[in-house]
Amino acid sequence: MLAPMLASLLPLLLLCRLSFCQYSSDQCSWKGSGLTHEGHARDVEQVYLRCSQGSLEWLYPTGAIIVNLRPNTVSPAAARLSVCIRPSADSSGTNFYLDRNGKLRLLLREQDQAQRKVQCFSIQEGALFIEAVPHMDISRRLTAFQYELVSNRLGPLGAPCQPCSDAEMLLAVCTNDFVARGSIKKVEQEEEHSSVTVEISRLYRQKTQVFVSGGVRVRHWTGHIKMPLKCGVRSGEGEFLFTGTVRFGEAWMGCAPRYKDFLRLYHEAQQQGTNPCHVDTD
């Protein structure tokens, strides 16, 4: 089934390689309509999204679009980025592929988009090739998703279950979306990940409000941090330093050393002058 499907897309790709493509300017989000392809159903539109996060909406999809997701700065670190997309609950009308030098790999079928599962891939794996699925009535079709560019080391990517090295731990405190000192209250196993309920006694930083305050007079916060099921996380006694990233409004665990181990490492680095940033540990 897949081979004939991919073979049928080759003419569209060839047209684009021969410059029969329309081009959209650089932006964070894109909204388009397949009605602009009327009479040109074989057109392929190139879309360039050059932000760390954004969204796409394609109403009445016909033909195909190629979505190029890149950071807005040129840096060697860009090669180590990955793209995560999360379809909207009502997204339909298309199949998603990865296009690398004209070779397509199926990423997401139309019927699977309503599940809203996050799909991640390395930025080096290519652009998103989104092709409309033929329907007699396209009036109710809308392809929509959110995207974020993420570091391969963080979140549900890479090897999140491996312990962080000393250097990674110190860098995480300086660069991650959230840094908090606290304890684990409960671990719940959900369908595709573990949800760790934490109580925070000191909040150093949070990119968005993933930890909620207990009140004006109460100096603690609570929240949930996600981890892949394969990590086998368990409740543990004592205090930890939680670090990680926020993806689509959800906190994902990065490095999480015991707080006493972080203190020892931080003070050693402080004496050697190798700390990448200052942390108030008083």
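Reader: Before anything else, what does "buried" mean here?
Author: A residue is buried when its relative accessible area is under 20%. Over 50% it is exposed, and in between it is partly exposed. Note also that this is a predicted model.

Reader: Ok. Take Ser-183: which strand is it in?
Author: Ser-183 belongs to β12, the strand of residues 178–189.

Reader: And how does Ser-183 count, buried or exposed?
Author: Buried: the relative accessible area of Ser-183 is 17%, and the limit for buried is under 20%.

Reader: What is Ser-183 in contact with?
Author: Apart from neighbours within four places in sequence, Ser-183 has contacts with Thr-197, Val-198, Glu-199, Gly-238 and Phe-242.

Reader: Zooming out, how many helices and strands are there?
Author: The protein has three helices and 17 strands.

Reader: What share of the residues is buried?
Author: Of 282 residues, 46% are buried. The accessible surface is about 14900 Å², and carbon and sulfur atoms make up 51% of that surface.

Reader: What about contacts between residues 24 or more positions apart, how much do they account for?
Author: They make up 66% of the contacts that have a separation of 6 or more.

Reader: Which residues have the most contacts inside the largest nonpolar core?
Author: Val-67, Ile-85, Phe-96, Leu-128, Ile-130 and Phe-145, in a core of 24 residues. The elements giving two or more residues to this core include β5 (64–69), β6 (81–87), β7 (94–100) and β10 (127–132).

Reader: Pick Ile-130, then. What is Ile-130 in contact with?
Author: Neighbours within four places aside, the contacts of Ile-130 include Val-67, Phe-96 and Phe-145. Trp-58, Ile-65 and Thr-143 are also among them.

Reader: What does the second, separate core include?
Author: That core has 19 residues, among them Phe-178, Val-210, Met-227 and Phe-240.

Reader: Sheets next. What is the order of the five strands in the open sheet?
Author: The order is β2-β4-β11-β6-β9, with mixed pairing. At the edges are β2 (30–33) and β9 (119–122), each of which pairs on one side only. On average, neighbouring strands in this sheet are turned by 20° against each other, with direction ignored.

Reader: In what sense do β6 and β11 pair?
Author: Antiparallel, over seven bridges. Within that pair, Ile-85 has Tyr-147 in β11 as its bridge partner.

Reader: And β7 with β8, what do they form?
Author: A hairpin, with two residues between the strands. Five bridges join β7 and β8 in the antiparallel sense, and Arg-100 is opposite Lys-103 in β8.

Reader: What is the phi of Asn-101?
Author: Near 55°, a positive value, and Asn-101 is not a glycine.

Reader: Which other hairpin has a residue with positive phi? I mean the one with Phe-248.
Author: That is the hairpin of β16 and β17, where phi of Phe-248 is near 50° and two residues lie between the strands.

Reader: Asn-101 and Phe-248: how do they count, buried or exposed?
Author: Asn-101 is exposed, at a relative accessible area of 73%. Phe-248 is buried, at 12%.

Reader: What else is there on β17? How many bridges join β16 to it?
Author: Four, and β16 (residues 240–247) and β17 run antiparallel. Thr-245 has Trp-252 in β17 as its bridge partner. Strand β15 (residues 221–228) is joined to β17 (residues 250–253) by two bridges, and these two run parallel. Ile-225 has Ala-251 in β17 as its bridge partner.

Reader: Helices now. At what angle do α2 and α3 pack?
Author: About 90°, with the axes of α2 (residues 166–175) and α3 (residues 259–272) 11 Å apart. So α2 is roughly perpendicular to α3.

Reader: Which residues in α2 and α3 meet?
Author: Asp-166, Met-169, Leu-170 and Val-173 in α2 meet Phe-262, Leu-265, Tyr-266 and Ala-269 in α3.

Reader: Last one: where does Lys-207 lie?
Author: In the loop between β13 (193–206) and β14 (211–213). Lys-207 is partly exposed, with a relative accessibility of 48%. Residues up to four places away aside, Lys-207 touches Gln-53 and Asp-177.

Terms used: Residues are numbered from 1 along each chain as its sequence is written. This is a predicted model: local features need pLDDT of at least 70, side-chain atom pairs count only at pLDDT 80 or more; totals for chains, interfaces and linings use all residues. Side-chain values use heavy atoms; hydrogens and water are left out. A nonpolar core is a set of buried Ala, Val, Leu, Ile, Met, Phe, Trp, Tyr and Cys residues joined through side-chain atoms within 4.5 Å. Buried means under 20% relative accessible area, exposed over 50%, partly exposed in between (1.4 Å probe, protein chains only). Contact means heavy atoms within 4.5 Å. Two strands pair if DSSP finds at least two bridges between them. Axes are lines fitted to C-alpha atoms, for helices over the stretch in contact, and angles run from 0 to 180 degrees between N-to-C directions. Accessible areas come from the Shrake-Rupley method with a 1.4 Å probe; for residues, only the protein chains shown count as cover. Angles under 35 degrees count as roughly parallel, over 145 as roughly antiparallel, 65 to 115 as roughly perpendicular and the rest as oblique.
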